[in-house]
Amino acid sequence: MTLQLGDVVPDFKQASNMGEISFYEWAGDSWVVLFSHPADYTPVCTTELGEVSRLKPEFDKRNVKVLALSVDDVDSHNGWINDINETQNAQVNYPILADSDRKVSDLYGMIHPNANNNLTVRSVFIIDPQKKLRLTLTYPASTGRNFPEILRVIDSLQLTDDYQVATPVNWKEGDDVVVLPSVSTEEAKQKFSKGITEVKPYLRMTPQPNK
Ligand code: BEZ
């Protein structure tokens, strides 16, 4: 099954270094970032897991739970976590699924056999509190991901869920946003009290409404 944006993601139960995770129950009313790693004791993954630990307060602030996955068992994860803590100025403070039977990897399409039949690629899934898939990213094993970019997308998703706006190229928290094409300019003038700038009839900018 290929998961597509807007799909309700499948539930699962799987072991982790923090005990068995029953996914829906564990996620509760939070957003979730689920991200896979090719394998334990690999250098790029080691740096990524350290970075996510350091960024955990940023995820918490946004009501986002983070959940890593690697196709190795809990004992292997525990040994690797010691190395991550030792080398990355971090304390791994979120669960890593021990997907040695590949149950979750297969369910979420994280193994791309023509890239590698044994390891997961670097997938990222952003899942909202209704368990709907809101973003997927697939990176090759050789390229570490940019987690500030993932936080930026979460900021955009949470903002655009609440207001009739979209975020333009390279947008970051606090920058101006664009008014949705479905909102007329007259309506936009009523809705956005900070004012709108009509660059073109289809390109209307407004200050970020919740700032
Ligand atoms: C890594 O995480 O360092 C890695 C894993 C598989 C291939 C290349 C790099």
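Which residue of β11 is the bridge partner of K200? Before answering, note that this is a predicted model, in which local features need pLDDT of at least 70, side-chain atom pairs count only at pLDDT 80 or more, and totals for chains, interfaces and linings use all residues. Residues are numbered from 1 along each chain as its sequence is written, and side-chain values use heavy atoms, with hydrogens and water left out.

The partner of K200 is L203 in β11, and T197 stands opposite M205 in that strand. The names of helices (H or I, at least four residues) and strands (E, at least two) refer to DSSP runs numbered from the N terminus, and two strands are said to pair if DSSP finds at least two bridges between them. Strand β10 and strand β11 (residues 203–206) run antiparallel and are joined by three bridges, and they form a hairpin with two residues between them. Both belong to an open sheet of four strands, ordered β8-β9-β11-β10, with antiparallel pairing. Its edge strands are β8 (165–166) and β10 (197–200), each of which pairs on one side only.

A further open sheet is made of five strands in the order β5-β4-β3-β6-β7, and its pairing is mixed. At the edges stand β5 (96–98) and β7 (133–139), each with a single partner strand, so one side of each is left without a neighbour in the sheet. From one strand to the next the twist averages 20°; for such angles, axes are lines fitted to C-alpha atoms, for helices over the stretch in contact, and angles run from 0 to 180 degrees between N-to-C directions.

Within this sheet, strand β3 (residues 31–37) pairs with strand β6 (residues 122–127) in the antiparallel sense over four bridges, and V32 stands opposite I127 in β6. Helix α3 (residues 74–87) packs on the sheet, touching β4 (64–70) and β5, and its direction makes about 150° with that of β5; contact here means heavy atoms within 4.5 Å. Helix α5 (residues 147–162) also packs on the sheet, where it touches β3, β4, β6 and β7, and its direction makes about 150° with that of β3.

Strands β6 and β7 pair in the antiparallel sense over six bridges, and R122 has Y139 in β7 as its bridge partner. The two strands form a hairpin with five residues between them, and K131 in the turn has a positive phi of about 70°.

An oxygen atom of the ligand lies 3.1 Å from an N or O atom in the side chain of T42, and an oxygen atom of the ligand is 3.1 Å from a backbone N or O atom of C45. Taken alone the ligand exposes 270 Å², of which the protein buries 74%.

Methods: Polar contact = N/O pair within 3.5 Å; in protein donor to acceptor, adjacent residues only side chain to side chain. Areas by Shrake-Rupley, 256 points an atom, 1.4 Å probe, with all protein chains shown as cover.
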